[in-house]
Amino acid sequence: MFESLSDKLQGVFKKLANRGKLSEGDVDAALREVRLALLEADVNYKVTKDFVARVRERAIGAEVMRSLTPAQQVVKIVNEELITTLGAPAKIDLSGPPPHVVMLVGLQGSGKTTTAAKLALKLRQSGQRPLLVAADTRRPAAITQLEVLGQQLDIPVHSEGTKVPPPVICAHALKRADDAAYSVVILDTAGRLHIDDQLMAELEKIKRKVSPQEVLLVADAMTGQDAVRVADEFNRRVGLTGLILTKVDGDARGGAAISIRAVTGVPIKYLGVGEKLDALEPFYPDRLASRILGMGDVLTLIEKAEAALDQEQALVMGKKLIQGEFDLEDFLRQLREVKKMGPLSQLLEMIPGFSQLKTELTPELTDRQMKMVEAIISSMTVEERRNPRIINASRKRRIAKGSGTTVQDVNMLLAQFRQMQRMMKQLTSGRGRGLLSMFR
Amino acid sequence: MLGRSKKISQSLTRTRRSFFGRVTELLGVSEISDELWEELEELLIQADVGVKTTVELVEKLQEQVNKARIRDAEAVKEILKRELIDILNSKVQRSDESPLLTVILVVGVNGSGKTTSIAKLAKYYKDRGKKVILGAADTFRAAAIDQLKIWGERVGVDVIAHQPRADPGAVVYDTIQAGRSRGADVLIIDTAGRLHTKYNLMQELKKVRRVAAKNAPRAPHETLLVLDATTGQNALAQAQHFKEAVDITGIFLAKLDGTAKGGIVFAIAKELGIPIRWVGTGEGLDDLAEFEAEAFVEGLFE
Ligand SMILES: Nc1nc2c(ncn2[C@@H]2O[C@H](COP(=O)(O)OP(=O)(O)OP(=O)(O)O)[C@@H](O)[C@H]2O)c(=O)[nH]1
Ligand SMILES: Nc1nc2c(ncn2[C@@H]2O[C@H](COP(=O)(O)OP(=O)(O)O)[C@@H](O)[C@H]2O)c(=O)[nH]1
Ligand SMILES: [Mg+2]
Ligand SMILES: [Mg+2]
């Protein structure tokens with residue numbers, strides 16, 4: 001049985017080796033599809049070109065994973081690169097003394113007023129005292145719109161009608177917030193075209209008057225190629241700090257997000273996913289990336305292949321365990337895996353009675369504990385790691401000193417390791433058989 | 001990241017001139033080369049024409065150029081223009097009959113420009129001696145009714161409205177009744193913005209249409225889909241779904257005063273056969289023009 005298992009593993013790795021690296025031909029063939037997908041998703045032409053060139057550089061010569069075709073391998077790289085380009089999500093910056101001013105800007109109809117109300121709700125839920133400001137004096141009934149939304153949420157709205165210039169309204173609102181201890185002031189500005197110099201100058205004036213901590217571009221997920229110019233111009237005039245993408249509840253692929261990120265580099269803060277006021281969601285780069293790429297089936301395939309690869313690694317580990325080759329270095333690696341709920345721990349979960357054992361073995365490891373384990377193991381000699389039995393009292397003292405821990409800590413670690421080894425024996429005898437036969 | 005952003009934005013500055021203006025430039029000076037075709041493709045795609053339509057256009061153009069052994073870049077430009085105009089002047093006929101009471105239903109996704117466009121149309125018809133009444137069937141969005149009422153006042157036409165959250169079908173019914181009793185010529189119905197993917201909201205819209213159909217002969221006589229010219233490829237899906245649900249008779253292309261080109265209308269005309277009827281060119285009441293394919297295409301080349 002062991003033979004067949006390792007045979008199988010060898011076969012697997014041989015296949016992997018045979019597959020080799022991505023050729024230029026593979027890459028270019030796949031990138032043609034990717035380019036189409038991005039353009040269809042409304043990623044700007046130039047941004048797409050730049051992006052594809054970057055992926056090409058990274059992809060040529062890359063290893064092809066087992067169970068993926070070269071084309072799928074390229075898509076995997078593209079997906080990763082898209083996720084990187086979309087960047088990490090960011091929260092609203094509320095550092096420093098209140099009141100914090102958040103200013104929403106964007107084209108007509110992009111969703112600013114609705115988003116202002118949604119944000120106010122979200123911020124109140126996190127313990128802030130928001131004040132909404134009706135700074136759109138142009139669109140008919142824009143003030144009433146914000147007032148109605150404010151009423152629905154029971155959040156106050158500062159408005160001064162349509163005759164007072166918006167920069168003055170905003171300054172008054174800030175003063176009111178100061179006086180009445182509102183902690184966040186959210187400015188709902190009028191929609192405007194990025195090329196409307198007069199109205200862009202009005203935004204600059206508001207910015208000068210109230211020094212907003214956040215200037216967020218509210219952009220429609222359906223925006224086309226022009227997104228780059230809109231974002232570039234708003235960024236140039238008022239210095240954006242973030243992006244909120246709205247109407248993500250539709251079926252637009254939302255490539256504008258990539259375009260806007262590429263020209264402004266500002267983080268995406270939230271996604272608007274409906275007309276209701278609680279329809280504001282955090283942004284997950286991986287979800288948005290696969291939506292933009294629109295190759296859901298391919299991505300699922302890749303995920304499966306990745307899971308399979310994890311299983312392979314788990315099998316290698318399992319084999320080592322069974323053959324008694326499991327040493328402290330593997331142990332360290334395994335602890336890290338368990339910490340992020342890695343594959344082996346999941347495999348163990350499948351064996352009756354083992355999930356309990358697992359929690360006993362590796363109780364919630366804090367970062368501090370993890371660091372300690374790492375420090376202890378790295379203070380051991382290679383020989384000690386391979387064969388922990390030789391670790392006697394004097395070695396323990398040396399290891400403790402070297403790692404800045406105590407002998408007690410070292411003992412505890414060794415005990416855990418021995419327990420793990422015992423567990424491995426159970427794996428090979430009787431109870432584990434079901435598990436291993438799974439891989440035949 | 002920063003370095004890259006800067007580079008892209010710089011390259012954008014360089015191309016800030018009208019894309020089609022660049023085509024003109026290109027076609028005017030250069031010979032017919034691979035580069036020309038590539039740039040042509042780039043320019044069309046940047047105008048939101050879409051990859052599929054662009055490729056079809058360019059291939060057709062290449063074919064014609066080869067067959068007729070055209071060497072003059074200026075001639076290529078004329079052929080392209082003609083192609084583009086042909087797409088927009090698609091087979092769909094305008095109905096010439098003018099009913100006693102014309103009902104125009106206005107639909108579209110959220111924030112595309114419906115209400116403002118309705119105000120512009122109201123003024124257009126009023127200026128031509130028609131008695132116009134508006135129906136505030138967007139009972140959902142906050143202050144949508146107030147918005148339409150303000151426009152009604154500015155234009156000087158009546159607005160039939162119920163309370164917020166009222167049944168939009170009932171508003172349509174009342175608008176038609178009022179149209180009859182007040183002797184109106186044109187009724188324009190504002191509806192709530194809705195994404196074409198929302199089943200319930202599209203069902204609601206169908207119902208609104210049915211109410212109109214039941215209460216006035218052959219109504220609605222026009223069902224206009226308002227598209228935001230800034231919209232990219234999703235506009236095609238919008239047109240498709242709204243067409244299926246309420247049988248769109250024409251497109252109102254709003255916000256054409258920005259830098260977006262609205263190139264997706266080529267795909268909409270080509271694949272769905274929906275004619276473009278109007279363009280919106282600003283936030284004012286007079287910022288409206290009847291769509292003309294020649295002028296639109298010519299405008300792209302300016
Ligand atoms: N620049 C420009 N802005 C426009 C045009 N048409 C409408 N707008 C603006 O776009 C915004 C949305 O317009 P609305 O008419 O309220 O759009 P709507 O489709 O009725 O919106 P909802 O009812 O909220 O779905 C407003 O700020 C309008 O002033 C246009 O042709 N050009
Ligand atoms: N489906 C959907 N509609 C939205 C979203 N955000 C805003 N809207 C709608 O888009 C339209 C325009 O929004 P509004 O806030 O008035 O935009 P503004 O002109 O930028 O202030 C309204 O009909 C909103 O209800 C969203 O995330 N999803
Ligand atoms: Mg608004
Ligand atoms: Mg409206």
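Which helix gives the most to the shell around ligand 1? I looked this up before anything else. The answer is α6 of chain B, residues 114-127, with four residues. I note here that the model is a predicted one.

**Entry 1, ligand 1.** I checked where ligand 1 sits and found it between chains A and B. I listed 23 residues around ligand 1. The nearest among them are Lys114(B), Thr115(B), Thr116(B), Arg141(B) and Glu283(B). I then went through the polar contacts. A polar backbone atom of Gly111(B) is 2.7 Å from an oxygen atom of ligand 1. For Ser112(B), a backbone N or O atom lies 3.2 Å from a ligand 1 oxygen. Thr115(B) uses its side chain: a polar atom there is 2.7 Å from an oxygen of ligand 1. On its own, ligand 1 has 650 Å² of accessible area, and the protein covers 96% of it.

I counted 19 residues around ligand 2, and Lys112(A), Thr113(A), Thr114(A), Arg139(A) and Asp249(A) are the closest. Which helix supplies the largest share of the shell around ligand 2? I find α5 of chain A, residues 112-125, with four residues. A backbone N or O atom of Ser110(A) is 3.2 Å from an oxygen atom of ligand 2. In the side chain of Arg139(A), an N or O atom is 2.6 Å from a ligand 2 oxygen. Asp249(A) places a polar side-chain atom 2.8 Å from a nitrogen atom of ligand 2. The protein buries 97% of the 570 Å² that ligand 2 exposes when taken alone.

I asked which residues of β1(B) are buried on each side. On one side I have Thr102(B), Ile104(B) and Val106(B), and on the other Val103(B), Leu105(B) and Val107(B); all are buried, and both faces are covered. The strand spans residues 102-107, and the count is six buried residues of six. I then looked up the partners of β1(B). One is β4(B), residues 186-191, which runs parallel to β1(B) and is joined to it by five bridges. In that pairing I find Leu105(B) opposite Ile189(B). β5(B), residues 222-228, also pairs with β1(B) in the parallel sense, over four bridges. There Ile104(B) stands opposite Glu222(B).

**Entry 4, helix α8 of chain B.** I checked the length of α8(B), residues 168-181. Its 14 residues should span 20 Å at 1.5 Å a residue, and the end C-alpha atoms are 20 Å apart, so the two values agree. I noted the buried residues as Pro168(B), Gly169(B), Val171(B), Val172(B), Thr175(B), Ile176(B), Ala178(B) and Gly179(B). Residues three or four places apart in an α-helix point the same way, because there are 3.6 residues a turn. What do the buried residues of α8(B) pack against? I found β2 (132-137), β3 (158-160), β4 and α9 (199-215), each in chain B. After the helix comes Gly183(B), which has a positive phi near 65°.

I searched for cis peptide bonds. One joins Pro98(A) and Pro99(A), with omega about 0°. Pro99(A) is in the loop between α4 (70-86) and β1 (100-105) of chain A. Another runs from Ala219(B) to Pro220(B), with omega near -10°. I place Pro220(B) in the loop between α9 and β5 of chain B.

Ala141(A) has phi near 65° and sits in the loop between β2 (130-135) and α6 (142-153) of chain A. Arg218(B) has phi near 55° and belongs to the loop between α9 and β5 of chain B. Is each of the two buried or exposed? Ala141(A) counts as buried because its relative accessibility is 9%, under the 20% limit. Arg218(B) counts as exposed because its relative accessibility is 61%, over the 50% limit.

Key: Residues are numbered from 1 along each chain as its sequence is written. Chains are lettered from A and ligands numbered from 1 in the order in which they are written. This is a predicted model: local features need pLDDT of at least 70, side-chain atom pairs count only at pLDDT 80 or more; totals for chains, interfaces and linings use all residues. Side-chain values use heavy atoms; hydrogens and water are left out. Buried means under 20% relative accessible area, exposed over 50%, partly exposed in between (1.4 Å probe, protein chains only). Helices (H or I, at least four residues) and strands (E, at least two) are DSSP runs, numbered from the N terminus. Two strands pair if DSSP finds at least two bridges between them. The expected span of a helix is 1.5 Å times one less than its number of residues. Contact means heavy atoms within 4.5 Å. A residue is near a molecule or strand if one of its heavy atoms lies within 4 Å of it. A polar contact is a pair of N or O atoms within 3.5 Å; within protein, one must be able to donate a hydrogen and the other to accept it, and residues adjacent in sequence count only if both atoms are side-chain atoms. Accessible areas come from the Shrake-Rupley method with a 1.4 Å probe; for residues, only the protein chains shown count as cover.
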